[in-house]
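Colleague: I would like a close look at a single part of this model, taken slowly and with its surroundings.

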Amino acid sequence: MSFNTLDSADLKGKRVLLRVDFNVPMENGVVTDRTRIHRVLPTIEEISAKGGKVILLAHFGRPKGERKEEDSLRPVAAALAETIKRPVAFADDCIGESAREAIETLADGDILLLENTRFHKGEEKNDPAFVAEVAKLGDVYVNEAFSAAHRAHATTEGLAHVLPAYAGRTMQAELQALTRALEHPEHPVMAVVGGAKISTKLELLGNLLRKVDALVIGGGMANTFLAAQGKPIGKSLCEHDLIDKARAILAEAKGADCEIVLPIDATVAQKFAAHAPSHIVAVDHVGENDMILDLGPKSVAHIESLLEKTRTLVWNGPLGAFELPPFDEGTNAVAQTAARLTCEGKLLSVAGGGDTVAALNQAHAAQEFTYLSTAGGAFLEWLEGKELPGVAALRT
């Protein structure tokens, strides 16, 4: 993939429109998790150090083109200033006179956050007139919001067509990691796909089984595949209307020479609750009142033995009900093995998605992964093989 990076950008004295993802958790006007702010600090600081005026564009919430005080980015400006330990100016609009006047007061290297781009209907419609109004405020466009790159909005895609466009450092790292993991990977390649439902991941499974050597299916979605094989699943979560689709995926994988890895044993309980009484059974012997809530130890050992031979790992979704102990043990064990192999230089590991990040953090394995994407929908669409508008617009 070829795209312009900050290495080739002349930023001194330029007004740099930097699209970031500041759609952060907030309670009572206070940012409660600054992960997304921390991720873009290197790009903000680099642009500032090179003499660019840093003009931040971001959305927050779903105001649908209406100005709502609860969706204002003003508290985020305060959180950013506190985090970066520098003044951050704020303009109460992202176009028009107030934005222009705020930019005119900036010295080279200064930082300004513009108000929520979604206060204007033209943002989500990618309206050329709105794109033109925003473009008047800048000389250069930098996209640092991979997590919004699956949306063809004015500030995630439109601006890249009317101003010199570059990938920010986080965007660059994300694209390079994903390209290494799926476009030009070192084989053998393993994908771990978990979560509750097949229905939300049909396209993902279809794309991955053509690209990977082994596809581990866990979580609630594995139950539908077990049912498709005629295994008893008791009262486990299962999409019975997709059993035929699961059979088709299994057949397609065989034709693509992709090994589908399903649980061979499971941790079951009769109550979906933390510390519910549980026991381990082979998947052929799940009781009629049992719910499959996690992998069993033989399943974990099998996946770990495959990981030892794997060179590239892509992970999306937990392998069990990780929020409820002891049903987090399977996910924790596999995550820790992947982390160890990554640290030993034997594995390139890329993971993403909200539940995945939470599960890997809980397993104390996240920091060791080669790359951890917080992008959610954009990460999933990339794995599905879709072209992301915000990425496509950056291609040279």
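Is strand β14 (residues 291-295) largely enclosed by the rest of the structure or left exposed, and why?

Modeller: Bearing in mind that this is a predicted model, the answer for strand β14 is that five of its five residues are buried, and the strand is therefore largely enclosed by the rest of the structure. The cut-off behind that reasoning is a relative accessible area under 20%, which is what counts as buried here.

β14 belongs to an open sheet of three strands, in the order β13-β12-β14, and the pairing is antiparallel. Within this sheet β13 (278-282) and β14 stand at the edges, and because each has a single partner strand, one side of each is left without a neighbour in the sheet. From one strand to the next, the twist averages 40°. The edge position of β14 concerns its neighbours in the sheet, whereas the burial of its five residues concerns accessibility, and the two descriptions should be read side by side.

The partner of β14 is strand β12 (residues 265-269), which runs antiparallel to β14 and is joined to it by four bridges.

Most residues other than glycine have a negative phi, and most peptide bonds are trans. Against that background, the peptide bond from H187 to P188 is cis, with omega near 0°, and P188 lies in the loop that runs between α6 (169-183) and β9 (189-193). Another cis peptide bond leads from P325 to P326, with omega near 5°, and P326 has its place in the loop between β15 (312-316) and α11 (329-343).

Positive phi values occur at N28, where phi is about 50° although the residue is not a glycine, and at K64, also not a glycine, where phi is about 55°. N28 sits in the loop between β2 (26-27) and β3 (30-31), and with 80% relative accessibility it counts as exposed. K64, for its part, is found in the loop between β4 (53-57) and α2 (74-84).

Note on methods
Residues numbered from 1 in each chain as written. Predicted model: local features only at pLDDT ≥ 70, side-chain atom pairs only at ≥ 80, totals over all residues. Heavy atoms only, no water. Buried < 20%, exposed > 50% of the residue type's maximum accessible area, 1.4 Å probe, protein only. Pairing = 2+ DSSP bridges. Axes fitted to C-alpha atoms, helices over the stretch in contact; angles between N-to-C directions.
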